[in-house]
Amino acid sequence: MPKPKKPIIAIMYDFDKTLCTRDMQEYDLIPKLDMSASDFWSEANDFGRAQKMDGILAYMYTCVKRCREKGVSLKRESFVESGRNVELYKGVREWFDRINAFAEEQGAKVEHYVISSGMKEIIEGTEIADKFTEIFACEFYYDEEGNAAWPKTAVNYTNKTQFVYRINKGVLDVSNDVDLNRSMPDDSKRVPFCNMIYIGDGLSDVPCMKMMKAYGGQAIAVYQDDSKKKVEELLIKDRVDFIFPADYSEDGELDHTVKNIIKKIVISDTLYDINQMQLKGIKSEG
């Protein structure tokens with residue numbers, strides 16, 4: 001009997017307050033605008049409400065407007081440079097290589113993805129950017145002079161789910177909606193939902209977390225001490241499977257649980273493949 005194929009496991013992450021300690025714009029970009037974080041977000045949110053505008057587009061507009069007013073560079077490389085100042089949670093730097101190695105020992109391959117309403121350019125400037133198979137986040141189109149001119153991609157709380165479908169089908173090009181919407185048998189999808197883990201921190205992640213709960217994946221919420229009550233509500237309302245402190249260190253609660261989920265996925269996937277090969281063999285003999 002041939003050896004079953006190696007399963008692919010997708011671990012998807014929000015970024016702000018999931019992998020880093022604050023909203024990513026607050027480390028470097030917003031201070032350059034001579035604004036407090038609370039003032040920036042209040043202005044963006046007020047503008048969005050007044051214009052009946054998507055909140056994510058409103059913050060992207062406010063970012064461009066304020067940068068122009070303050071003479072702050074709107075070049076892609078300037079936003080990327082802001083990512084150098086992002087503060088990651090404990091253990092995050094070592095997390096990806098450790099989880100990859102563990103999965104390999106179990107006979108699986110792990111791919112890591114970001115699905116964030118933050119800025120792709122800032123994430124690309126962080127020291128962990130090269131750990132991700134793809135980064136789905138808000139991004140600007142840059143004009144002929146290299147300045148941010150228009151939203152290229154906007155990732156709001158509800159359309160985050162489209163990126164889960166993209167990972168599921170292996171259609172990672174955000175401009176390719178034809179293949180994304182094409183009917184595809186479940187057994188031909190690149191990463192089954194049951195091979196997915198979503199890690200987030202709060203209400204903005206609920207649509208993706210609910211997908212995991214509905215389709216057999218796993219949803220995990222992480223928290224800092226001041227946000228524990230918020231994620232406890234997610235657990236009580238059955239929107240997540242587990243909650244843990246935002247500590248990615250080896251042998252921590254999150255580390256142990258994700259490794260156990262990987263082992264479970266590998267066992268389930270192997271048993272399913274054996275079952276299917278046996279059925280195929282019986283049918284071919286008959």
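Guide: Leaving out residues up to four places away in sequence, Arg-239 touches Leu-203, Val-206, Met-209, Lys-210, Lys-213, Ala-219 and Leu-234; contact means heavy atoms within 4.5 Å. This is a predicted model, in which local features need pLDDT of at least 70 and side-chain atom pairs count only at pLDDT 80 or more, while totals for chains, interfaces and linings use all residues. Residues are numbered from 1 along each chain as its sequence is written, and side-chain values use heavy atoms, with hydrogens and water left out.

Arg-239 sits in the loop that runs from helix 10 (228-236) to strand 7. Helices (H or I, at least four residues) and strands (E, at least two) are DSSP runs, numbered from the N terminus. Arg-239 is partly exposed, because its relative accessibility is 28%; buried means under 20% relative accessible area, exposed over 50%, and partly exposed in between, with a 1.4 Å probe and protein chains only. Pro-207 is 32 residues from Arg-239 in sequence, while the C-alpha atoms of the two are 9.1 Å apart in space.

Two strands pair if DSSP finds at least two bridges between them. Strands of a sheet pair through backbone hydrogen bonds, either parallel or antiparallel.

Strand 1 is largely enclosed by the rest of the structure, because 6 of its 6 residues are buried. Ile-8, Ala-10 and Met-12 point one way, Ile-9, Ile-11 and Tyr-13 the other way, and all of these are buried. Strand 1 pairs with strand 2 (residues 109-119) in the parallel sense over 6 bridges, and Ile-9 has Val-110 as its bridge partner in strand 2. Strand 1 and strand 5 (residues 196-200) run parallel and are joined by 4 bridges. In strand 5, Tyr-198 stands opposite Met-12, and Met-196 stands opposite Ala-10.

Lys-17 lies in the loop between strand 1 and helix 1 (29-32). Phi of Lys-17 is near 65°, a positive value in a residue that is not glycine, and Lys-17 is partly exposed at 34% relative accessible area. Beyond strand 7, Asp-251 is in the loop between strand 7 (242-245) and helix 11 (253-285). Phi of Asp-251 is near 70°, again positive in a residue other than glycine. Asp-251 counts as exposed because its relative accessibility is 53%.

Two packed helices are described by the angle between their axes and the distance between the axes. The axes of helix 11 and helix 5 (residues 92-106) come within 10 Å and cross at roughly 30°. Helix 5 and helix 11 are therefore roughly parallel to each other; angles under 35 degrees count as roughly parallel, over 145 as roughly antiparallel, 65 to 115 as roughly perpendicular and the rest as oblique. On the helix 5 side, the residues in contact are Trp-95, Arg-98, Ile-99, Phe-102, Ala-103 and Gln-106, which meet Leu-254, Asp-255, Val-258, Lys-259, Ile-262, Lys-263 and Val-266 in helix 11. The residues of this contact divide into 8 nonpolar, 1 polar and 4 charged; Ala, Val, Leu, Ile, Met, Phe, Trp, Tyr, Cys and Pro count as nonpolar, Asp, Glu, Lys and Arg as charged, and the others, Gly among them, as polar.

Helix 11 holds Tyr-272, which is partly exposed at 46% relative accessible area. Tyr-272 is 16 residues from His-256 in sequence and 24 Å from it in space, C-alpha to C-alpha.

Technical notes: Axes fitted to C-alpha atoms, helices over the stretch in contact; angles between N-to-C directions.
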